[in-house]
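Subject: Structure for you to look at

Dear colleague,

Please find the structure below. My notes on it follow.

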Amino acid sequence: MRKLLRGVRLALGVIPFGVYVGLFLLAPMVAVAIGAFQDNSGGFTLSNVQAATHGVYLHGFWQSIVLSVISAVLPGILGLMLAYAIVRAEGGNLLRQVAITAAGVFANFGGVPLAFIFIATIGSSGLVSQWLTSLGFDPYAHGFTLYSLLGVIIVYLYFQIPLMVLVILPALEGLRPAWREAAENLGARTWDYWRFVGGPVLLPSFLGCVLLLFGSALSAYATAEALTNGTIPLTAIQIGSFLNGNVIAGQENIGKALGLGMVVIIAVAMMIYVVLQRRAARWLR
Amino acid sequence: MTTSVLLQDLTRAFGVTRALDGLSIEMAPGELVALLGPSGCGKTTALRIVAGFETADTGSVLVNGKDISSVPASRRDMGMVFQSYSLFPNMPALDNVAFGLRMRKMGASQRRQRAADLLDMVGLAPQARQYPHQLSGGQQQRVALARALAIEPRVLLLDEPLSALDAKVRLQLREQIRTLQQRLGTTTLFVTHDQEEALSMADRVGVMRQGRLEQIAAPDELYTDPATAFVAEFVGVMNRIPGELQPSGQVTALGSTVPVRGHRPDETAVDVLVRPEGLTLEVAENGNGIVTTRTFLGSVTRVGVQLSGDVAVQVDRPSAESAALGPGASVSVSLPGQPVLVATRLVS
Amino acid sequence: MAALGTSSRATAWRWTILIVAAVYFLLPLWAALRFAGISAFGSVIGEPGFTASLALSVRLAVITTLVTIALMLPTTVYVHLRLPKLRRLLEGITILPIVIPPVVLIVGVLAIAPGFLKSTSLLLALVYVVLAMPFTYRALDAGLRALDLKTIVEASNSLGAGWLSTLWRVLLPNLRTALLSATVLSVAMVLGEFTMASLDLYQTFPVWIYVNSQTSGQVSVAASLLALFVTWIFLLGITVIGTRQSRKTGGGAVTLFTVAPAETRGN
């Protein structure tokens, strides 16, 4: 009995936090989850889920996933190369500090300001577009436009690459020099080392980071919205339009179904990420 | 496998610091040479130059008479054991050991067999399928040893391989390494800061200090005949007793005058260096010292004596004769007639 | 350094990558600067809605930060001290906002919020606390882990200090850097958050930039650069101050970013 009381007394300290999280995180999510299966009068229905997985919404999911995969793998590889260059560059600690701070700052730079800065760069009257035109090659005349999926990918690179650098850097630094030297000592050349030791050891971290980037790209709303004004079907944008009132009345719960779907996808990705990180931690100890 | 190694006049500087200042060592085939010294003395740098991970500023490394200074590390045919955590974490023990053979394009079944044999040689056959993080420190180092030996290297290089292990494991591994090395007859260079390790394992020990070799000799010679004060104090326990250098070249300390061996400092105020077993001690009413401690070490008892003039010494005596020497006993410590080493007086 | 990989070819390759990266990241900024023109910067402040939206953002930032610290600090200290086994759970919960996209969260919040809250911007500030949790928790957790919390609290108690004294005189000064980190991160997040604000129909600074772009693109770009610049100063400042502080007490350099910060900023 005393133990029970003690347990309760101990738990008291975290109640404020629990209540807050319950109110502002869990309750809304439960509302979304429940609402996804409710029709307009509150009864149970699968029609929302049905609608969310067909037609324009299915297209939206598909586009979002394609966008997110490309916006994860491409910056993943580029970020890895950049991180590796940072780790191995001589310039010592100063270069590394500068690079990390820069990466941290750029990784946080997204949304509306970023969209506008890119519009100023490669938008239809952007500086680089005009410069290219003066050189004889007008990208917009050749069908390129910033306000497309391709444009969104290019803009996403701007914060996804630094994000990748930040998260893969610890893993790269976890590659002990002794491994490389031991491999060399046993006759391995650069390629052998990466193929048999470096690559396999980095792989879980790399995949995990790519998953993180995937989640980041899938959730992103502001940048895409600012760039495309809702013209490209992306799940995040579609969910937003339900709140903007751009939908037929009586279909609000479809937005919740979409939201639920998005959360499910990201949750799965995050679970795989956690597993991969554990494996990586074991090796990179 | 009979390989001789010659390090010729190696120098290496890192900025202002001279890590190596003209190091020359000749290693006979099958010999285990230990490089002993405090951290920063250059021993690891020397080893890494032999391995090919560093390049010397001047000087060269010759293996069987051939200069290998320009040969890349991956082609030197030397096996190296690192201080710790050098096993590839993504491979089980067997694949780690077989790695060097894989690089030499040996067939899969052949190299697995050889790796298994080597793991057996170090007593780890049951652990073949285990990953490094599942092995203890001592086991990891044994796998690392097997991995280095798998390629039948001409030279075996060991970079403080036992430093990261605890005492008991260290002792076991010491024996194992020495036995294996002798059995295979591989010329070996072993770097350590632990003098006990070096003395017990090596054919010859090179004591290094600030990039230079102070003395290289068999362990017993190092102990009984240290060439310099540094070597004398680094190897074994050494007493420092204040004394006066006489114009005759002899030194006066503890009331007697004895000949001087080796280098003679310029100053007259010096310290005499004597081993604990090199002092004589007698119970005396008005002696020059009081016993402070008595430590039983088996057949020998180490007696700590506080001499007049704030000098403390340790004297070793047979335990059978040390019963009366409890703390507080008045004793007399003196120098027997043998020549002693002297060094510049340390101001503490 | 291993002998492999220090060849001059490898070095050239490395520096090429670094230079290309620098160009890719700096070019848009320069282009934006040219596009906006110097005059745009001047007129930003005069634009209608600028002051109001900035004031709103700042107000929200202050509320969010205060509520965050009032909530997270005692909780984190308490868990570290009394319920160490719950630490993993706490960490897991604070990671949740990363899994839940802000756009989805706002849907849920608007669905269940009571009318009186929904009609004020306070609701937004309160939800921002949740969005900021991942970084604020990590900052505080890192700060607490650097202290030997149990020992100094016990020492403080044994010397006669009560709980409040201990918190105020012992813990807070030692957590200065962590608190500063948490504050800056949460302020930066609020000032840049667009998704939830726009969908909750409040014109915070980022929303204003977007809406205003319809009328004056150059001013919007100038405002964006301004917002970016200010955030940078903040983040750089905290890194510098934090590093200096922690170096004084024997620690290392301070880095703010351990977990994906971008996702919950309403990107």
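In this predicted model, helix 2 (residues 50-82) of chain C and helix 6 (residues 122-146) of chain C have axes that come within 8 Å and cross at roughly 45 degrees. Helix 2 of chain C and helix 6 of chain C are therefore oblique to each other, and their crossing is right-handed. On the side of helix 2 of chain C, the residues making the contact include Leu60(C), Ile63(C), Thr64(C), Val67(C), Leu71(C) and His80(C). On the side of helix 6 of chain C, they include Leu124(C), Tyr128(C), Ala132(C), Thr136(C), Leu140(C) and Asp141(C). Sorted by class, this contact between helix 2 of chain C and helix 6 of chain C has 16 nonpolar, 5 polar and 1 charged residues. As a general point for reading such lists, an α-helix has 3.6 residues a turn, so residues three or four places apart point the same way.

The rest of chain C

Chain C has 12 helices and 0 strands, so from the N terminus on its elements are written as α-α-α-α-α-α-α-α-α-α-α-α. Of its 267 residues, 44% count as buried. Among contacts in chain C between residues at least 6 apart in sequence, those that join residues at least 24 apart make up 80%.

Helix 8 (residues 163-174) of chain C can be checked for length. Its 12 residues, at 1.5 Å a residue, should span 16 Å, and the C-alpha atoms at its ends are 15 Å apart, which agrees. Is helix 8 of chain C buried, or does it lie in the open? The number of buried residues among its 12 is 0, so helix 8 of chain C lies largely in the open.

Chain A against chain C

Contacts between these two chains involve 70 residues of chain A and 73 residues of chain C. Which element gives the largest share of the side of chain A that touches chain C? That is helix 2 (residues 15-35) of chain A, with 12 residues. By class, the side of chain A that touches chain C divides into 47 nonpolar, 18 polar and 5 charged residues.

Chain B

Chain B contains 8 helices and 21 strands. Taken along the principal axes, its C-alpha atoms fill a box of roughly 80 × 45 × 35 Å. Chain B has 348 residues, of which 42% count as buried. Among contacts in chain B between residues at least 6 apart in sequence, 66% join residues at least 24 apart.

Two backbone angles in chain B are worth a look. In general, most residues other than glycine have a negative phi. Lys105(B) is not a glycine, yet its phi is positive, at about 65 degrees. Lys105(B) sits in the loop between helix 2 (93-103) and helix 3 (108-121) of chain B. Lys105(B) counts as exposed because it has 8 C-beta neighbours inside 10 Å, and the cut-off for exposed is 12 or fewer.

Gln210(B) also is not a glycine and has a positive phi, of about 50 degrees. The loop that holds Gln210(B) lies between strand 9 (204-209) and strand 10 (212-217) of chain B. With 16 other C-beta atoms within 10 Å, Gln210(B) is partly exposed.

Regards

Note on methods: Residues are numbered from 1 along each chain as its sequence is written. Chains are lettered from A and ligands numbered from 1 in the order in which they are written. This is a predicted model: local features need pLDDT of at least 70, side-chain atom pairs count only at pLDDT 80 or more; totals for chains, interfaces and linings use all residues. Axes are lines fitted to C-alpha atoms, for helices over the stretch in contact, and angles run from 0 to 180 degrees between N-to-C directions. Helices (H or I, at least four residues) and strands (E, at least two) are DSSP runs, numbered from the N terminus. Angles under 35 degrees count as roughly parallel, over 145 as roughly antiparallel, 65 to 115 as roughly perpendicular and the rest as oblique. A crossing is left-handed if the near helix is turned anticlockwise from the far one by less than a right angle, and right-handed if clockwise. Two residues are in contact if their C-beta atoms, placed from the backbone, lie within 7 Å. Ala, Val, Leu, Ile, Met, Phe, Trp, Tyr, Cys and Pro count as nonpolar, Asp, Glu, Lys and Arg as charged, and the others, Gly among them, as polar. The expected span of a helix is 1.5 Å times one less than its number of residues. A residue is buried if 20 or more other C-beta atoms lie within 10 Å of its own, exposed if 12 or fewer, and partly exposed in between; C-beta atoms are placed from the backbone.
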